[in-house]
Amino acid sequence: MQWKAAAAVVPLLFWAIQSLAQPAGLDAFRRPDTVPFPENAPYDRGVATLGKMLFFDPRLSGAQNISCSSCHNPSFGWETPVPKAIGAADNPVHRHAPTILNAAWITPLFWDGRAASLEEQAVGPITAPDEMNASFEDIVARLTAVTEYKAWFERLFPGQGIRKETILTALATYQRTIVSGVAGFDRWVSGDATAVSEAAKRGFTLFTGRANCVSCHSGWMFTDNRMHDIGLPATDLGGGVPPQDPTGYFRFKTPGLRNIVLRAPYMHDGSLPSLNAVIRHYADGGAAGIERQTDINGFAASEGDIADLIAFLETLTDNETNVPTPILPAN
């Protein structure tokens with residue numbers, strides 16, 4: 001099933017844009033007007049609202065000191081502005097927090113692609129000792145003690161109530177509603193030639209042409225949802241962690257580029273501090289001293305080229321969507 005735009009939780013997600021002449025080559029990047037939901041967990045406004053409360057509620061962590069939003073902050077593109085987020089034990093986690101923006105279209109999930117669904121993905125950070133360090137047994141007991149949560153779950157999940165599966169369903173339903181809003185690039189795709197600058201247009205030509213960024217960053221989200229070795233120096237095996245296929249060594253998920261300017265630092269390890277550094281890394285064909293075959297090829301890039309590419313990437317940012325923090329139920 002799909003969530004129709006008319007039922008959107010955030011009404012600014014799908015603006016009506018005047019249809020003008022279609023710029024050449026842009027139709028492949030046109031944003032969809034519906035959000036995909038699985039048949040066994042169709043969109044429900046009440047479930048999504050409950051999931052939002054859970055997403056921001058520290059009761060889902062073992063020490064009740066962090067929430068899902070601690071690592072996936074809407075103010076920073078649903079990431080955190082540090083190389084490694086701080087987990088429940090007050091220590092950095094293993095990798096940079098990946099964005100959950102447009103999560104309904106992301107598959108597989110995690111930097112190493114080990115989860116097939118949002119429901120499966122949520123279990124990892126909630127129970128990981130270095131992340132939220134909780135058990136679902138404790139979470140269920142904690143939420144059951146909250147009168148308002150108990151009433152919500154009983155109404156939305158009759159005959160099931162508060163249990164691991166319904167918690168995961170609520171979280172996943174909310175996360176599928178986290179969709180990037182209309183950006184200047186989208187208005188350009190819809191025919192408004194004045195929606196982006198000339199520098200951004202030159203950047204888009206580079207992006208889809210000589211720089212060949214589009215070979216991995218394709219479609220309206222600007223990701224192929226695949227795993228690649230992009231030439232970063234690291235001991236992290238990525239998608240090749242045993243017992244997985246060793247051919248996956250050093251391969252990590254291609255992130256989408258929506259709201260990318262809000263999401264520094266970059267890469268799975270948070271090692272590159274700016275978009276300038278990211279583009280230079282790709283232009284150089286990867287980091288110096290990498291003694292393995294990677295999936296990228298360098299390209300000639302002047303400072304003007306880099307500025308144009310950044311100008312294009314800035315057009316992918318939605319500056320209009322506001323995500324208010326929910327009022328959580330008291331004990």
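Helices α9 (residues 275-283) and α10 (residues 303-314) pack with their axes 10 Å apart and at an angle of about 120°; axes here are lines fitted to C-alpha atoms over the stretch in contact, with angles running from 0 to 180 degrees between N-to-C directions. The two helices are therefore oblique to each other, oblique being what is left once angles under 35 degrees (roughly parallel), over 145 (roughly antiparallel) and 65 to 115 (roughly perpendicular) are taken out. Helices are DSSP runs of H or I, at least four residues long, numbered from the N terminus. On the α9 side, L275, N276, I279 and R280 make the contact, and on the α10 side E303, I306, L309, I310 and L313, where contact means heavy atoms within 4.5 Å.

This is a predicted model, so local features need pLDDT of at least 70 and side-chain atom pairs count only at pLDDT 80 or more, while totals for chains, interfaces and linings use all residues. Residues are numbered from 1 along each chain as its sequence is written, and side-chain values use heavy atoms, leaving out hydrogens and water.

Setting aside residues up to four places away in sequence, L316 touches A183, F185, F222, L257, R258 and N259. As for S218, its C-alpha atom lies 13 Å from that of L316, though the two are 98 residues apart along the chain.
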